[in-house]
Amino acid sequence: MAIQKPSIPKGTRDFSPKEMEGRNFIFDIIRNVFKKYGFLPIETPAMENLSTLMGKYGEEGDKLLFKILNSGNYLAKLNTSGISEMPLGSVTQQIAKRGLRYDLTVPFARFVVQHRNEINFPFKRYQIQPVWRADNPQKGRYREFFQCDADMIGSNSLINEFELIKVIDEVFEDFSLPVIIKINNRKVLAGISEIIGESEKIVDITVAIDKLDKIGIKRVLEELSAKGISDQSIKMLQPVFEMKGNNDEKLKFLEDYLSGSEIGMEGVSELRKVFSLISIDPIASELELDITLARGLNYYTGAIIEVKAKDVSIGSLCGGGRYDDLTGIFGLPDVSGVGISFGADRIYDVLLQTDKFPDDEKQHTQVLFVNFGDREVNYILPLLGKLRKEGINSELYPDSVKMKKQMGYADNSNIPYVAIIGEHEIQISEITLKNMKSGDQQTVSFEEMLALLKG
RNA sequence: GUGGAUGUAGCUCAGCUUGGUUAGAGCACCGGAUUGUGGUUCCGGGGGUCGUGGGUUCAAGUCCCAUCUUCCACCCCA
């Protein structure tokens, strides 16, 4: 049999022990903050029925779904006549009825509807699981990545938006990572579209506006024009592009600009409410009203939130917003939800780049016992047991090989102490303890060693 | 899905322009100097179907085509 080169699929990654340490650090912080705010954990399957996923993420999203081939002889059931002329979607439906989850929000909506009679509303849940997208990989962009979601469902109160912003603030404070939290409201965007008389083009308009700081005003105007927005409407957008000032000034401007749009005014008043709640209990991060913030997802209906690292250029680290009727499509109408999603993989990349991971040496093995042979091992095993009972992470080298090798193992593993117990030590009931950092070694009793390792 | 770059030892890369001995370096690994002492030093060693497949040629790591990977931009997004 030919030897095959080991490989993993495009856009996926292995995680080494070192990397897992950093990832667990991230998950632990996020999980703890979620818990602190009263969110409860759930998990859902890696795969969902394709009918649950299709059509929820727009046309683009459907293309990025990983579909799972049916098991059994699925081709036998397939009507192949004229297959090349059939639309791809209809063929897919015949050979794949399941797909890998694309995010955690839609499976959550499905979960809520399916378990509505067991759930205590308003329901606050958190979920930390991988998701899969058949996207083209790039930096900070993978085909398998972890999302850490917190959503509240069944409450219209803007206190929820406020709490989520607090969660974001607290998480990034725990990472000591300076971020800027951007907030917008879909209703404000709808209002703007209404004012310029292009209500039905809201998606094209917001997508174009979203690129403002990336491609500049000139090309945004070109794109709007290309999408069939009239020159007159574009002219009316001008003041929006030129909007300046702090959050308060921006709100004042929008109030004025949107006074003719009911939905627009509603958006402004929602934003005002969130800002006023924050002013009562301020956050450490910068909070900025950014009307260019659009988010592609079509299910947001109210607040839109995005978090960017201040010093590192990578996509957003966290995104979220309010969706008024996500569960409607599964048969539970009029339930409003609001949620956020942290991108653990991007946070990892940023923390690594800015050197923000703590070196937590206490987590590792504290002491390694050198193995000289059976007699010594029999003497060491009870001591090892006692140490572990005391909560000291400790190891015995499994093979009785050359000491150089055993010392090298301790060195490579960054184990701070090596305990040497040979014939001589057994005779005098002492332990030779070597400090690997300083190179010093001393002869101590077991109790002395324990005290040293505990301190 | 579109466009550009990339791939040589476990890792980081040189060699490719102008085809021609046995494809190199550093780091890592293994052994010895040092049989109860690592990290430093010295000496020695193993490791490559040059991403894969095809083509041109007397001869291909080097030129051509295809394909895949990774990276970058677009699209979209965590």
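The exercises below each give a task and then a worked solution; the model is a predicted one.

**Exercise 1.** Classify the ring pair F34 and F39, and state whether each residue is buried or exposed.

*Solution.* Step one is the count: 14 aromatic pairs are found under the pairing rule. Step two takes the geometry of one pair: the ring centres of F34 and F39 are 6.0 Å apart and the planes meet at 55°, so this pair is tilted. The class follows because planes under 30 degrees apart count as stacked and those over 60 as edge-to-face, with the rest tilted. Step three concerns accessibility, where buried means under 20% relative accessible area. F34, at 0%, is buried, and F39, at 3%, is buried. Step four places the pair in its surroundings: F34 and F39 belong to one aromatic cluster with F25, Y126, F172, F175, F342, Y348 and F357.

**Exercise 2.** Classify the ring pair F111 and F123, and state which elements the pair ties together.

*Solution.* The centres of the F111 and F123 rings lie 6.5 Å apart with planes at 15°, so the pair is stacked. F111 belongs to helix α5 (residues 105-114) and F123 to strand β5 (residues 123-132), so the pair ties together parts 12 residues apart in sequence. As to accessibility, F111 is buried at 14%, and F123 is buried at 9%.

**Exercise 3.** Identify the ring over whose face R23 lies, and do likewise for R125.

*Solution.* R23 is positioned over the face of F15, at 3.7 Å from the ring centre. R125 is positioned over the face of F108, at 4.0 Å from the ring centre.

**Exercise 4.** Describe the setting of R13 and the polar contacts of its side chain.

*Solution.* First, R13 is located in the segment before α1 (17-36). Its relative accessible area of 23% makes R13 partly exposed. Next, setting aside residues up to four places away in sequence, R13 touches I8, R23, Y142, E144, F145 and D345.

Definitions and conventions
Residues numbered from 1 in each chain as written. Chains lettered and ligands numbered in written order. Predicted model: local features only at pLDDT ≥ 70, side-chain atom pairs only at ≥ 80, totals over all residues. Heavy atoms only, no water. Buried < 20%, exposed > 50% of the residue type's maximum accessible area, 1.4 Å probe, protein only. Helix = DSSP H or I, 4+ residues; strand = E, 2+ residues; numbered from the N terminus. Lys NZ or Arg CZ within 6 Å of the ring centre and 35° of its normal. Contact = heavy atoms within 4.5 Å. Polar contact = N/O pair within 3.5 Å; in protein donor to acceptor, adjacent residues only side chain to side chain.
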